[in-house]
Amino acid sequence: MQLISICDNMKIQVVNRGHQPLPAYATEQSAGMDLRANLEEPVVLHPLERRLIPTGLHIALPAGYEAQVRPRSGLALKHGLTVLNAPGTIDADYRGEVGVVLINLSNEDFTINDGERIAQMVIARHEQAEFVEVEALDKTERGEGGYGHTGVL
């Protein structure tokens, strides 16, 4: 078992059952770590096709944290490839393999190769809430104004 170091005070246990290096921050102020495809052979994603791409990683997050799986901007802009359930959430109690649900939104086939950086993983703190049923909510200036309620600039 190896540890992914986040900042100076958080360590995340990781089992790497793949053959790719562990995720790492590309720069000192990066928010996300790149996740790599762990494949035996290339995967071709046809237009509008979606696939679960394995990473070979199993992680144990501390309670109160999640890992968010997000698209890589370069793949989205240049190739129309994105994470379908963005951001995908990995809960602290999940111990299965981290997979990335990719979809090809372009008009051309896209080949995912072994070791290719396919998504980013951001570690985020979260809270749990409890719903309390009431008869009415307090009044606000916005009220029930929804989508587009503020008009056009």
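User: Where does S106 lie?

Analyst: S106 sits in the loop between β9 (97–104) and β10 (110–112); strands here are DSSP runs of E, at least two residues, numbered from the N terminus. Quick heads-up: this is a predicted model, where local features need pLDDT of at least 70, side-chain atom pairs count only at pLDDT 80 or more, and totals for chains, interfaces and linings use all residues. Residues are numbered from 1 along each chain as its sequence is written, and side-chain values use heavy atoms, leaving out hydrogens and water.

User: Why is S106 called buried?

Analyst: Its relative accessibility is 18%. Buried means under 20% relative accessible area, exposed over 50%, and partly exposed in between (1.4 Å probe, protein chains only), so S106 counts as buried.

User: And what makes V134 partly exposed?

Analyst: V134, in the segment after β11 (117–125), has a relative accessible area of 47%.

User: What makes the link between the side chains of S106 and N104 a polar contact?

Analyst: A polar contact is a pair of N or O atoms within 3.5 Å; within protein, one must be able to donate a hydrogen and the other to accept it, and residues adjacent in sequence count only if both atoms are side-chain atoms. The S106–N104 one is 2.7 Å, so it qualifies. The S106 side chain also reaches the backbone oxygen of E108 at 2.9 Å.

User: Which residues is S106 in contact with, leaving aside neighbours within four places in sequence?

Analyst: Those are P47, L48, H79 and G80, where contact means heavy atoms within 4.5 Å.

Methods. Helix = DSSP H or I, 4+ residues; strand = E, 2+ residues; numbered from the N terminus.
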